[in-house]
Amino acid sequence: MKLYLKPGSCAMAVHIALEEAELTYEIEKVDLAAKKTERGEDYRAISPNGYVPALVLDDGEVMTEAAAILLYVANLAPEAEMAPSPGSKAYFELLSQLVFISTELHKNFSPFFKPNSGETWRGIAQKNLETRLSLMNERLTSREYVMGERFSVADAYLFTVLSWAQVVDVSLDAWPHLQRFVARIAERDSVQRAMQAEGLK
């Protein structure tokens, strides 16, 4: 398999999951502005949506969207226990959390990375983000991980998204459980390996 990514982007969540699963894969970085891969290929020919992540499977099929790829990786390596049994109530709770991270946290960080967003749009995103961060902080009050006491693909995604706070100068001081979560997940070997491979440490 090959994972196409931009260092530090949401694709890092998939990168972490692949490391946790101990699967065989390679990575290739993408210049999203130029839509070119490291090898000079047209990225849109690989992934028409033009953004990351994209995971090329062993059979050549291309999978996109972080939440879907994360579930796919978890199901490829059930022994890693990064997702509950497919079809169980807990599995759909995991799906719920992945969707929340994707639509409510990830998307509300997006304006901070776009210089043409404008102060009005950033202000709206900031208020939305604060509400959503409070909800996740509350969830982690009595849990070590998003789904309870075991690391799941939701933790890989949440860690990745929360790591953007430092990049765009959004303080997490109001959410101590999120701060502790980020510090704890950052120590995992899978995270360290993924970040090193992406040139982030």
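Helices are DSSP runs of H or I with at least four residues, and they are numbered from the N terminus. The structure here is a predicted model, where local features need pLDDT of at least 70, side-chain atom pairs count only at pLDDT 80 or more, and totals for chains, interfaces and linings use all residues. Residues are numbered from 1 along each chain as its sequence is written, and side-chain values use heavy atoms, with hydrogens and water left out.

**His15 and its surroundings**
- His15 counts as buried because its relative accessibility is 2%; buried means under 20% relative accessible area, with a 1.4 Å probe and protein chains only.
- Not counting residues up to four places away in sequence, His15 touches Leu3, Leu5, Tyr25, Ile27, Ala194, Ala197 and Glu198, where contact means heavy atoms within 4.5 Å.

**The nonpolar core**
- A nonpolar core is a set of buried Ala, Val, Leu, Ile, Met, Phe, Trp, Tyr and Cys residues joined through side-chain atoms within 4.5 Å.
- The largest one has 70 residues, and Met82, Leu98, Tyr157, Leu158 and Phe159 touch the most other members.
- Helix α6 gives the most to this core, with 10 residues.
- Tyr157 is in contact with Cys10, Ala13, Ala66, Ala67, Leu70, Leu98, Ile101, Ser102 and His106, leaving aside neighbours within four places in sequence.

**The pockets**
- A pocket is an open set of points on a 1 Å grid over the protein atoms alone, with protein on both sides within 12 Å along at least five of seven lines; its lining residues have an atom within 4 Å of a point.
- The largest pocket has a volume of about 870 Å³, a volume being the space filled by probe spheres set on the points, which are joined across faces, edges and corners.
- Its lining has 26 residues, and Ser9, Cys10, His106, Phe113 and Trp164 lie nearest the centre.
- Helices α3 (66-76), α4 (89-109) and α6 (153-167) each supply at least two residues of that lining.
- The second largest pocket has a volume of about 180 Å³, and residues lining this pocket include Phe159, Leu162 and Met195.
- The largest share of the second pocket's lining, 5 residues, comes from α6.

**A record to compare**
- UniProt, in an unreviewed entry, lists residues 87-201 as "domain: GST C-terminal"; such annotations may be inferred rather than shown by experiment.
- The span of residues 87-201 is 67% helix and 0% strand, and its end C-alpha atoms lie 38 Å apart; strands are DSSP runs of E with at least two residues.

Key: 1 Å grid on protein atoms, 1.4 Å probe; cavity = no way out; pocket = protein on both sides within 12 Å on 5 of 7 lines; lining within 4 Å. Buried < 20%, exposed > 50% of the residue type's maximum accessible area, 1.4 Å probe, protein only.
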